Every structure is written in C-alpha cells, then in structure tokens.
Amino acid sequence: MSVAGFKKQFFKASQLMSEKVGGAEGTKLDEDFKELERKADVTSKAVVDVISKTTEYLQPNPASRTKLNMLNTVSKIRGQVNSPGYPQSEGLLGESMNKYGQDIGEDNNFGGALLDVGEAMKRLAEVKDSLDIDVKQNFIDPLQAVADRDIKDIQHHLKKMEGRRLDYDYKKKRQGKIPDEEIRQALDKFHESKEMAESSMHNLLETDVEQVSQLSAFVESLLQYHRQATEVLEEVTEKLKERVNESQSRPRPKREYKPRQSFDYGDTDPSNDGNSSGPVSPPAYASGEPCCKALYDFVAENDGELGFCEGETITLVSQIDENWFEGRLRGQSGLFPTNYVEVVVPLSR
C-alpha cells in the first residue's frame, strides 16, 4: 500500500472512531437516497431468500439440493439435460412397489395393483424432474444472475461511498490544516460514489418487469407439473377402480377344510372286553325336527364353534343372524356358518 493509500485508510478509521465513540456527526444523506437504499435493501433480501426457499421447496434433501444448484453448470457443458441427476422420492417409491408387485405376481390382484401404482409413481418422478429443471433454468438462475450482478454492484458502490464519505468528513473537520483543493476532491469523489450507488439501486428496482415475468414462469411450471401429475393420478385411479369392481364381482373360492380326527361312536359289548363292535349309524332325527346337511367340511377354530364333516346332518337350535346358526352334533353344541350347510327342516318361526 502506498503512503497516500495508507493515509486515506488512517483518515477513514479516525473519522469512524470519532463517530462511533465520540459522537461526531458525519455528512447526512438526503431522505430520497435513504428511501431508495431501503427499497433496494428489501428487494435484495427478497431475491436472495426466495432463491434459497425455492431450492428447498424443490428439493428438501440437502444432497439433492446441492446437485440442483450445479444443474446450470452441467447444462452449459452438456447442453440441455433431461434429468437433474438425482433420484426423486416418487421414483424410489415406484421402484419399491414394482419390485414387490413382481414378487407377489401380476396375476394376484394386490400384486397387479402395486405394479400399476409403481409405474404411475415413476411417471410422477419424470414429471418432477421436468419441474426442477424448468424452475431452475427459468426462475432460479435469472434471479441468481440479479444477485450476482446487480446486488453485488450495489454493495460495492455503497461500501465505496461510505469510505469516501468518511475520508471527506475527516478532511472537512481539519479545514485549514488540509488544503482546500484536497477537501474539494474528496467531496467530488464522495458525490461520484453516491451517484453510482443511486444508479445501481435504480437498475435493480427497475427490473421489476423481468422479476414478475420470472415469477410468472415459475407459476406456469408449477401449473404444468400439477396438470401432468393429475393426468397420471387420474389414469391410475381408474385402473384401481376397475380392479376393485372386478374383485368385488368375482366369486370367492370356497375354502376347503380338512376334518379333524374325531372319535368313532359305537356300542360297547361287555362280552368283547369293552371293544367297540363297530360304528353306529348316525341317530335318526324325529320327523319335523329342524336340521341341516353339511355341504363342506367346517373346522371349529374358536371356542363356541361346532365343527363337522361334509354330508353330516346337524340339529338346528337357533339362527343367530344371517351368517350363523347354532346347532348340535354328537352331543356337542356350537355355532357354524350358514353358507356351509343346506337346511333340510327349517326352524319354526
């Protein structure tokens, strides 16, 4: 640093100390300049914060956000890109659904539905890729150019103006000790920096048309994304409705129950050492006694249920509701489903 430069830095530091500590007053800026500076400051903060929040909105994942920020550089090197270079959460979910849909099997209703939704989620990931790229190129990058050019330009000129103001105020208060020509030159430089700062702030504020156009492009990208996403979701919704209707209209296959091993009732002949002389035919039912015939095997899996084998005749005791009878068989009572039997003699009402 030259001697003149060192002296200027000393003058500015001395003046700043006098104002901060000693309460000395410096040159006042006019109200119009202060209002212009306030508007430029608010606009600058808005641009910087909107860039940050828009990037977070597109990609909450910090790692993906970093790759999104690099997208502009990549697109310049490789030309326009079709993918931002990171996986979308919709795509990851779609891959999971496709994997397990294939494992379960397409012929299975749930497996086929997983494949339908999985493909839809992968299409949504592609739509989200397009959104990220469009917003980055048509909204974030133009705003970032404003931050890199206009806002930095304003900060540079304001900082330079403040330094020249301190230099001028220091010399002005030492008028007589410092040549008038040097004071006049310091004032001219201060005014020059002030005018350049005003010009840079006006340049920023006068780009409002461009900024509104960029916001419009952002909203258009969002609208296009939601339209395409709606089309994908409506299409897969129709497929799922068809699957539900088909499943509801298809008769469910009858479950085959294996009979439990049961004790074979028979008369005991004392002359035969207590051995059974052979099975006894099912007891005859009194004429008109409510009863039903088993169409399928039913295994009692819960307490209070009555198990039986296909072809057996069960005495009806009562009907609990449209789905369950109460009956007796082989000295045991319990409940059993109505659709497993055919009523032979109905219950009296």
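Start with the contacts across the whole chain. Among contacts between residues at least 6 apart in sequence, 63% join residues at least 24 apart. Keep in mind that this is a predicted model. Show the surface next: the chain exposes about 22,800 Å², and carbon and sulfur atoms supply 51% of that area. Of the 349 residues, 33% are buried. Switch to cartoon view and you will find eight helices and seven strands.

**Stop 1: helix α2**

Select residues 31–58. This is α2, a helix of 28 residues. From the first C-alpha to the last, α2 reaches 40 Å, close to the 40 Å expected at 1.5 Å a residue.

Now look at the N-terminal end. What caps α2 there? The cap is D30, with a side-chain oxygen 3.2 Å from the backbone nitrogen of D32.

Colour the buried positions of α2. They are F33, L36, A40, T43, S44, V47, I51, T54, T55 and L58. An α-helix has 3.6 residues a turn, so residues three or four places apart point the same way.

**Stop 2: the α5–α6 loop**

Select E106. This residue sits in the loop between α5 (89–104) and α6 (109–172). Is E106 buried or exposed? E106 counts as exposed because its relative accessibility is 62%, and the cut-off for exposed is over 50%.

Show the surroundings of E106. Leaving aside neighbours within four places in sequence, E106 is in contact with G101, G112 and L115.

**Stop 3: helix α7 and S200**

Select residues 180–205, helix α7. α7 has 26 residues and reaches 37 Å from its first C-alpha to its last, close to the expected 38 Å. Its buried residues are I183, A186, F190, S193, K194, A197, S200, M201 and L204. Which helices do the buried residues of α7 pack against? They pack against α2, α6 and α8 (208–249).

Zoom in on S200. S200 is buried because its relative accessible area is 3%, and the cut-off for buried is under 20%. The side chain of S200 reaches the backbone oxygen of A197 at 2.8 Å. Not counting residues up to four places away in sequence, S200 touches D153, I154 and H157.

**Stop 4: the five-stranded sheet**

Five strands form an open sheet in the order β6-β5-β4-β3-β7, with antiparallel pairing. The edge strands are β6 (332–337) and β7 (341–345), and each pairs on one side only. Neighbouring strands of this sheet are turned by 40° against each other on average, direction ignored. Strands of a sheet pair through backbone hydrogen bonds, either parallel or antiparallel.

- Select β3 (291–294). β3 and β7 pair in the antiparallel sense over four bridges. C291 stands opposite V345 in β7, and K293 stands opposite E342 in β7.
- β3 and β4 run antiparallel and are joined by three bridges. The bridge partner of C292 in β4 is I314.
- Q319 stands opposite F325 in β5. These two strands form a hairpin with four residues between them.
- Finish with β6. Six bridges join β5 to β6, which run antiparallel. E326 stands opposite L335 in β6.

**Stop 5: the two faces of β5**

Stay on β5 and show its side chains. Which residues of β5 make up the covered face, and which the uncovered one? The covered face holds F325, G327 and L329. The uncovered face holds W324, E326 and R328.

**Stop 6**

Move to the loop between β5 (324–329) and β6, where R330 lies. In this hairpin there are two residues between the strands, and R330 takes a positive phi near 55°. Most residues other than glycine have a negative phi. R330 counts as partly exposed because its relative accessible area is 33%, a value between the 20% and 50% cut-offs. End the tour here.

Key:
Residues numbered from 1 in each chain as written. Predicted model: local features only at pLDDT ≥ 70, side-chain atom pairs only at ≥ 80, totals over all residues. Heavy atoms only, no water. Expected span 1.5 Å × (residues − 1). Buried < 20%, exposed > 50% of the residue type's maximum accessible area, 1.4 Å probe, protein only. Polar contact = N/O pair within 3.5 Å; in protein donor to acceptor, adjacent residues only side chain to side chain. Contact = heavy atoms within 4.5 Å. Areas by Shrake-Rupley, 256 points an atom, 1.4 Å probe, with all protein chains shown as cover. Pairing = 2+ DSSP bridges. Axes fitted to C-alpha atoms, helices over the stretch in contact; angles between N-to-C directions.
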